[in-house]
Amino acid sequence: MAPWRKTDKERHGVAIYNFQGSGTPQLSLQIGDVVRIQETCGDWYRGYLVKHKMLQGIFPKSFIYIKDVTVERKRNIENIIPAEIPLAQEVTTTLWEWGSIWKQLYVASKKERFLQVQSMMYDLMEWRSQLLSGTLPKDELKELKQKVTSKIDYGNKILELDLIVRDEDGNILDPDNTSVISLFHAHEEATDKITERIKEEMSKDQPDYGMYSRISSSPTHSLYVFVRNFVCRIGEDAELFMSLYDPNKQMVISENYLVRWGSRGFPKEIEMLNNLKVVFTDLGNKDLNRDKIYLICQIVRVGKMDLKDTNTKKCTQGLRRPFGVAVMDITDIIKGKAESDEEKQHFIPFHPVTAENDFLHSLLGKVTASKGDSGGQGDVRNDIYITLLQGDFDKYNKTTQRNVEVIMCVCAEDGKTLPVAVPIEDMQRIHLRFMFRHRSSLESKDKGEKNFAMSYVKLMKEDGTTLHDGCHDLVVLKGDSKKMEDASSYLTLPSYRHHVENKGATLSRSSSSVGGLSVSSRDVFSISTLVCSTKLTQNVGLLGLLKWRMKPQLLQENLEKLKIVDGEEVVKFLQDTLDALFNIMMEHSQSNEYDILVFDALIYIIGLIADRKFQHFNTVLEAYIQQHFSATLAYKKLMTVLKTYLDTSSRGEQCEPILRTLKALEYVFKFIVRSRTLFSQLYEGKEQMEFEESMRRLFESINNLMKSQYKTTILLQVAALKYIPSVLHDVETVFDAKLLSQLLYEFYTCIPPVKLQKQKVQSMNEIVQSNLFKKQECRDILLPVITKELKELLEQKDDMQHQVQEKKYCVELLNSILEVLSCQDAAFTYHHIQEIMVQLLRTVNRTVITMGRDHILIVSQRAKTLEEKDFVLLSWRFLPIGPEHGK
C-alpha cells in the first residue's frame with residue numbers, strides 16, 4: 001500500500017455525498033460538511049471536520065469537492081483562507097446557521113416561518129452561485145451584493161440572530177480597525193434599514209405608501225419597459241409607436257419608441273428579438289402628480305391600401321395605414337403604489353380601428369375615455385418630432401371621399417429637398433413641405449394622380465427661435481402641381497390658418513395670383529411638433545444671450561432677461577449659456593461694465609441647478625467646469641464682484657443678490673479655482689502671490705461680514721456658516737492649507753461668543769469632516785477654537801428643549817473629531833488628544849452626570865455613553881506616552 005503523504009493544493013473541501021464510515025479510522029460525512037484535508041493516499045484523504053476538529057479520520061476522495069484556498073503561514077501556524085470572495089463565504093456560513101434553525105422550525109411545526117426561511121435560503125443559494133460565477137458586470141455585481149447583504153441582515157433579524165454591521169460596500173466591519181463611533185453609527189444604520197425592510201415585508205399586501213413617499217421625494221424618475229411580444233395577425237409589416245399619454249389632457253407626454261415588426265411575427269431587425277427595451281427618462285414630479293398616466297402603443301401597418309385585397313401584383317404597396325391602439329393604465333406603477341417587477345408580464349388588449357379612415361388619435365381618445373421625454377443630461381441633441389394629426393379635404397369634383405396620401409419632405413429656401421439629418425447651421429433656412437395626393441388601391445390608377453394641394457411650415461421663426469411645441473393648424477394651398485414644388489411660389493404665402501383669419505378675406509382673394517397658388521378655406525390640415533434640442537431654443541431672451549455678438553447693443557438687456565427665462569430651457573442649454581457668459585466676461589476683460597451682470601447670471605444658473613428639480617444636472621455642471629471651462633482670467637473678476645457684495649453687506653447696505661451668492665458659494669469657488677489653475681498652467685505659476693493676497697482679502701471680507709452687528713446681516717451670517725465649509729476642498733488645491741486654516745480660525749473667532757452657537761457647531765462639524773482637518777498642522781490651528789466652542793456650549797444652562805438640540809450637535813461634532821483622530825497615527829495626535837482631555841473631559845463628565853440615565857441622548861441614542869467610553873479609552877492610550885510625563 002502506498003504511503004500517506006501531506007497534501008499541497010488539496011487542503012479544503014466540501015462533502016457532496018453522505019458517507020457512512022464503518023468505524024475507526026473512517027470518518028462519517030453528511031452532504032455539506034466542510035473538511036480540512038491533511039494527507040492523501042490513493043483514493044482516500046485523511047483530515048477532520050471544520051466544525052468538530054476532534055472528529056478525525058479517512059474518507060473517500062470521490063465524495064469531496066475541493067475548494068481553492070490560500071495558505072498563510074505565521075511562525076509554525078498555518079492559516080487556511082478560502083479563495084472565494086468574502087461575501088460568498090458569509091453566505092455559506094449563513095446557510096449553515098440558518099439550516100440548523102430551519103430543521104428546528106420543521107420539528108416544531110412552525111410551517112409559516114419554516115417556508116419563509118426555506119425561501120430565503122433558496123434565494124441565497126442562487127445568488128451565491130451568481131457571485132461565484134465571475135461573469136456578472138460590475139454594476140450587476142454591486143446590485144447583487146446589496147441584495148445578498150440585505151437578505152442576510154433581514155433573515156438574521158427575524159431569526160433573532162446577531163446583527164452584522166457593514167460598510168457602504170456591504171463588507172463586514174472589522175472591530176479592531178474601526179472606531180467605536182463608526183461601529184455605533186453602522187449599527188444604527190443597519191437597524192433602521194432592517195426595520196424598514198420588515199415594514200415593507202409586512203405591508204406587501206397593502207399599498208406601498210412608503211415607496212410612494214420615496215418616489216415623491218425624488219426630483220426625477222424613469223420608467224423601464226421591456227416589450228416581450230406583439231401578437232396580432234396582420235399579414236403585413238407594422239410599426240409600433242410606444243409612448244406615455246395623459247388621458248385627461250389627451251396628449252402624449254414623452255417621445256415615441258419605435259418598433260418595426262415584421263409580417264412573420266417577429267421584429268424586422270432579428271437581433272432585437274427579446275431585446276426590445278426602452279427607458280422613458282427625466283419624468284418630473286409634474287408627471288407623477290398627473291391624475292392618470294397610460295402607456296400607449298399606436299400600430300400602423302405598412303402595405304396595401306385595403307388589407308382585404310388579394311391581388312398583390314396590381315395593388316399599391318408600401319402605404320402606411322392606421323391599424324389600432326393598445327392602452328395600459330400605469331398610474332399606480334409610476335406612483336409606486338403597485339409592484340413593478342421586470343419578470344412580471346402585462347398583457348395589453350388591442351383595439352383595432354373600425355374603419356381605415358379613422359384617425360389613431362381619435363381611437364385613442366375613445367379607448368382612454370372608456371377606461372374610466374427625454375434625454376440624458378449632458379447629451380447633445382437636435383431633434384424635431386413631427387406628428388400628422390388630421391386632415392379634412394373637400395371632395396371637389398370627386399363623387400365620394402378619396403384616400404389621401406401625405407408626403408412630407410425637408411426643403412431649403414430654394415425648394416431643394418434635403419436629407420432628414422439637417423446640420424444645425426442650416427436650420428434657419430429650412431421648412432417642411434407637405435404634399436397631398438389621392439391614392440387608389442390599384443397601381444394603374446395611381447400613376448396618373450398629381451398633387452392636388454400642399455402645406456408648409458418653417459422650422460425657425462423670423463426672430464431666430466424654433467417652432468413652438470404643440471399643435472399647428474396649417475394653411476392648405478391649391479393650384480398648379482408644378483408650382484407646389486417651386487419654393488418661391490409659396491414661401492411668400494402664409495403657412496398658419498390663424499394668419500389668414502386675422503388678415504381676413506383680402507388675402508385669400510389676392511393670393512390666387514401669387515405664384516399660381518391660392519389659399520383653400522374649406523380644407524383643414526393639422527400637425528403637432530416637439531423639439532428636443534440642446535442647440536435650438538424657443539425662447540427669444542435666451543437666444544439673444546446665446547447670439548449676443550449679433551446685437552451687442554442689447555447685451556445688457558439680454559443678461560437681465562436671463563433671470564426670467566424658464567429654468568427647463570436654461571438647463572437644456574447649460575453649456576452654451578455658460579460659454580456665452582464667460583466669453584462676454586473675457587472679451588470685456590479690460591472693462592468691468594458687464595462683470596456684475598454676468599456674475600448675477602452665473603449665480604442664477606447655479607441656483608437653478610441647486611433646485612431639486614434640476615439637481616441631476618450637477619454632474620453636467622461639474623463636467624463643464626473640469627472639461628469645457630477655459631476662462632483663465634475669470635477668477636479675478638469673480639473674486640472682485642464677490643468681495644464687493646460682501647463689503648457692501650458688511651456695512652449694512654442693501655445688496656439683493658448676496659444671499660443667493662452665499663448659497664452658490666461652492667460653485668463660485670469651483671469656477672475661481674479652475675480658472676486660477678488654468679491660468680497657472682498657462683503662465684507657469686505666474687501671479688501666485690497676488691492670487692493668495694486676493695484670496696486672503698476675500699476671506700477678510702467674509703470675516704467682516706461675520707463681525708457685523710447690523711440686523712440685516714444675521715441671515716447672511718447663518719448662510720456663510722453653512723456654505724463656507726463647502727469651498728475648502730477646492731480652495732485647498734490652490735492655496736496654502738496652513739494659511740487657509742488660519743483664515744478659518746479667524747472666521748470663527750470673529751463671531752461674538754454667544755452668537756449663532758448652534759450654527760457654529762454645525763459648521764465646525766463640516767470642517768472636521770474635510771480633508772483639511774486630517775492634516776496635523778491644520779488641526780494644530782483649528783482644534784483649540786473648536787474645543788473652546790464645545791466647552792462653552794456644553795456648560796450653558798438654557799431651557800430643556802434648547803439644550804437637547806444643542807447637545808445633540810455637540811455629540812455629533814465630538815463624534816467627528818474622535819473619528820478623525822482614531823484613523824491617524826498616534827504620534828501625530830498626542831497633543832490633540834491632550835487638548836481634548838484638558839478642555840472637555842471634565843465638562844463631558846459633568847454633562848453626562850447632570851443629564852441622568854433617562855435622558856433622551858443617553859437612552860434613545862446612547863451616543864453620549866459611547867463618547868465617554870471613547871474618552872476613557874483614548875486617555876489611557878495616549879496620556880502616559882509623552883516623555884515630559886516621566887513615563
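The following legends describe close-up views of a predicted model.

**View 1. Ring pair of Phe230 and Trp261.** This pair belongs to the 23 aromatic pairs that the structure holds. The ring centres of Phe230 and Trp261 lie 5.9 Å apart and the planes meet at 90°, so the pair is classed as edge-to-face. Phe230 is in the loop between strand S9 (220–227) and strand S10 (237–246), whereas Trp261 is in strand S12 (residues 257–261); the pair thus links distant parts of the chain, 31 residues apart. Phe230 counts as buried, at 12% relative accessibility, and Trp261 is buried with a relative accessible area of 4%.

**View 2. Ring pair of Phe599 and Tyr645.** With centres 5.6 Å apart and planes at 85°, the rings of Phe599 and Tyr645 form an edge-to-face pair. Phe599 belongs to helix H17 (residues 595–610) and Tyr645 to helix H19 (residues 634–650), and the two residues are 46 residues apart. Phe599 is buried, with a relative accessible area of 1%; Tyr645 is also buried, with a value of 6%.

**View 3. A cluster of phenylalanine rings.** Phe393, Phe434, Phe436, Phe452 and Phe525 are linked into a cluster by ring pairs.

**View 4. Charges over aromatic rings.** Arg46 lies over the face of Trp4, 4.3 Å from the ring centre. Lys686 has its charged end over the ring of Tyr683, at 5.9 Å from the centre of that ring.

**View 5. Cysteines Cys297 and Cys471.** Cys297 counts as buried because its relative accessibility of 8% is under 20%. Cys471, at 61% relative accessibility, counts as exposed because this value is over 50%. The count of disulfides in the structure is 0.

Terms used
Residues are numbered from 1 along each chain as its sequence is written. This is a predicted model: local features need pLDDT of at least 70, side-chain atom pairs count only at pLDDT 80 or more; totals for chains, interfaces and linings use all residues. Side-chain values use heavy atoms; hydrogens and water are left out. A disulfide is a pair of cysteine sulfur atoms within 2.5 Å. Buried means under 20% relative accessible area, exposed over 50%, partly exposed in between (1.4 Å probe, protein chains only). Rings of Phe, Tyr and Trp (its six-membered ring) pair if their centres lie within 6.5 Å; planes under 30 degrees apart count as stacked, over 60 as edge-to-face and the rest as tilted. Helices (H or I, at least four residues) and strands (E, at least two) are DSSP runs, numbered from the N terminus. A charge sits over a ring if NZ of Lys or CZ of Arg is within 6 Å of the ring centre and within 35 degrees of the ring normal.
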